[in-house]
Amino acid sequence: MTMTQTAPNASGYKSFAIGEFKFSRDEYFVTVEWPTGSHQMAIDQWLRCLQRDIAWGFFYGIVNFDSVIGTMNHYGNVDMFAGRFNDAYRRAEVDYSENFEHDDLLGCFKAMLSDWTNEGYDPFAAPMETGSAFGPSRGHNDEAISRRRVVASRMVGIPGDEPLRSDETGHPVNRGFADVAQDEPIIEAEPGYEGEVCAFNLFAYLSRSDVTWNPSVVSACKESLYCPTTEEFILPVIHGNDRVEWFVQLSDEIQWDVEDRDTGAKRARVVMKAGDVAAMPADIRHQGYAPKRSMLLVWENGSPRIPEMIAKGEASVHPVDF
Amino acid sequence: MTQYTTVFGSLDDYAKGGVEVIDDDPKYYAFSNMFEVAGRAAPYEKVAVAKNLEYVLEVIRAEGTDEWRAAPHDEFALVMDGTLQVELIDPDDGLVDSEAQGSVALASEPAGSRMGRVTAGPGHMALLPAGKAYRLHSDGVAVVLLQTIEGPDTVHRWAEICQTV
Ligand SMILES: [Fe+2]
C-alpha cells in the first residue's frame, strides 16, 4: 500500500495519506485523522518523533509519539495506531490500528519529514541547538534528516568497521561535553597484530555525537548490542519495548517517567546518575528527561525470538528474579 | 557561552539515584550502581549488574593481576575508573569450545604469540577478541564494565546490589 500526497496547502505544506490515515500540517500543528477520530500534536514534537521512528526503522516494539499516536514494529511489517495503548480510547472502542509493509510506512514518513522540515530546523538536535520548526514552509533540511545510523559489526574503530569521530569527519565536540578528555588508549601491538589489538575512547566518541536520543551500535557480542546515545531535553517518543531493555548512565543525569505499556497508568520514576544501572521491564513504556547533555548506554538484546518467547511465557517481562 | 561540567562517577566519588515507586515493585528495575558494586567486590569477581537472557554486563574490580582468560566470542571491556592494562596472546592451540558461552580461566599462560598490550583509562573501551587469551591488570584499582555472555564465573548477587524497597 503506497501513500498519496496532495499539492501544498496555504502554508506551503503537502498533506499525506496512507491506508485510512491522513496527515496534514499547518504553521504550528500536525493533524492526524483516521476513521474513528482525529488528533493534533505540536509540529516540532511530531517531527522529532518521526525522525527517530525513521532512523531506527521503527525500533524495538512500540514507539508512542504521545499518549495516542504511534507505531508497533513487527519486523517486516508495522502497525500505525491511534489510541491503541490508551485506556480511554480502548474502553470507548474508538482506537484504530492498521498494518503496513515496513517500506511503505517508512516511505510515507520520510516524504512527510522531508516536506515538513524547514531550513534551519534539525529534528535530531536539542532545542538550544537548532532553529524553529514553526511557521509557513521555507526550504528543507534533507541533509540533517537523512543522517546514516552507525551500526558497528564488532566495535567502532576496528579496521574496516565504523570509523572514529573527529573534527575532520565533521564531528566537533558538543558544547555540553567541552570538558570531556579526548585522549586515546595506548595500543602497543606486536608486528602482524596491528589490526587485532583494538581500543578507543568511547566517552570522546560520544562527546562528538551531533544527535540526541538516537541509539547507535558501537559494539556487538553476538546479539548483545551496546547502543549508546547522547541525551538532552526530552526523549521525543515514549518507548514501549517488546523486550527488557537496560540503561547504563555513563555521565550526568536522566530522569525517566515509567508508565504501564498498555494503559499509560503511571508506575514509577527512575532517577539515574553516573554509574547507575537499571532495567526497563518489557511491560512498561518510558520517556526520559535530560537537563544537560548526558551519555546514556542503552543495552539491547537484539534476538528476533524475544517477542515470541515473552508471548509464550518462555522469557519474562522482568529482567531478573531475585 | 555557558561552560558545562560533565559529571562522571568514580569509586571515590559517585552519587546514586533510584526508583521512586508510584505503583510498582522496585525489584523489576534491578537498580544498582557500578561503583558501589565494585567498591564491595573482591578483585576480579565478575559481578553481573545487567542480564538479558544469556547475555550479561559484569562489573569487575580490577586490582593487581588477574588470571589468563579466554572466550569463544568477542568481549568488550569499558573502563569506568582507574587504569587498566590488557595483555593479549594469540594461542597456538584452541583454548575454548567454539559453542561455549562466557569466558573461562586458563590454568596457566597459554603457549602462543604475544599480540600486544592495551593501556586504557576512563571512558576507553578495549576489544577482547574471540578465541584469544587475555589478562587484565591494574597497578591501582580500576572499575571495568564487561560486555559478555554469562559464564561459569559470573557472580549473581542481585538481592545485595539492587534496590528492593
Ligand atoms: Fe527505550
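I searched the whole structure, a predicted model, and found 40 salt bridges over all chains.

I looked up Glu253(A) next. Its side chain meets that of Lys273(A) in a salt bridge, with 3.9 Å from N to O. Glu253(A) lies in strand E16 (residues 253-260) and Lys273(A) in strand E17 (residues 266-273) of chain A, so this pair ties together parts that are 20 residues apart in sequence. Glu253(A) has a relative accessible area of 23% and is partly exposed. Lys273(A) is also partly exposed, at 26% relative accessibility.

I moved on to Glu259(A). The N to O distance of its salt bridge with Arg285(A) is 2.8 Å. Here Glu259(A) is in strand E16 and Arg285(A) in strand E19 (residues 284-301) of chain A, so the pair ties together parts 26 residues apart in sequence. Are these two residues, Glu259(A) and Arg285(A), buried or exposed? I found both Glu259(A) and Arg285(A) buried.

I also noted a salt bridge between the side chains of Asp260(A) and Arg267(A), at 3.9 Å from N to O. For Arg267(A) I read a relative accessible area of 9%; this residue is buried, because the cut-off for buried is under 20%.

Technical notes: Residues are numbered from 1 along each chain as its sequence is written. Chains are lettered from A and ligands numbered from 1 in the order in which they are written. This is a predicted model: local features need pLDDT of at least 70, side-chain atom pairs count only at pLDDT 80 or more; totals for chains, interfaces and linings use all residues. Side-chain values use heavy atoms; hydrogens and water are left out. A salt bridge is a side-chain nitrogen of Lys or Arg within 4 Å of a carboxyl oxygen of Asp or Glu. Helices (H or I, at least four residues) and strands (E, at least two) are DSSP runs, numbered from the N terminus. Buried means under 20% relative accessible area, exposed over 50%, partly exposed in between (1.4 Å probe, protein chains only).
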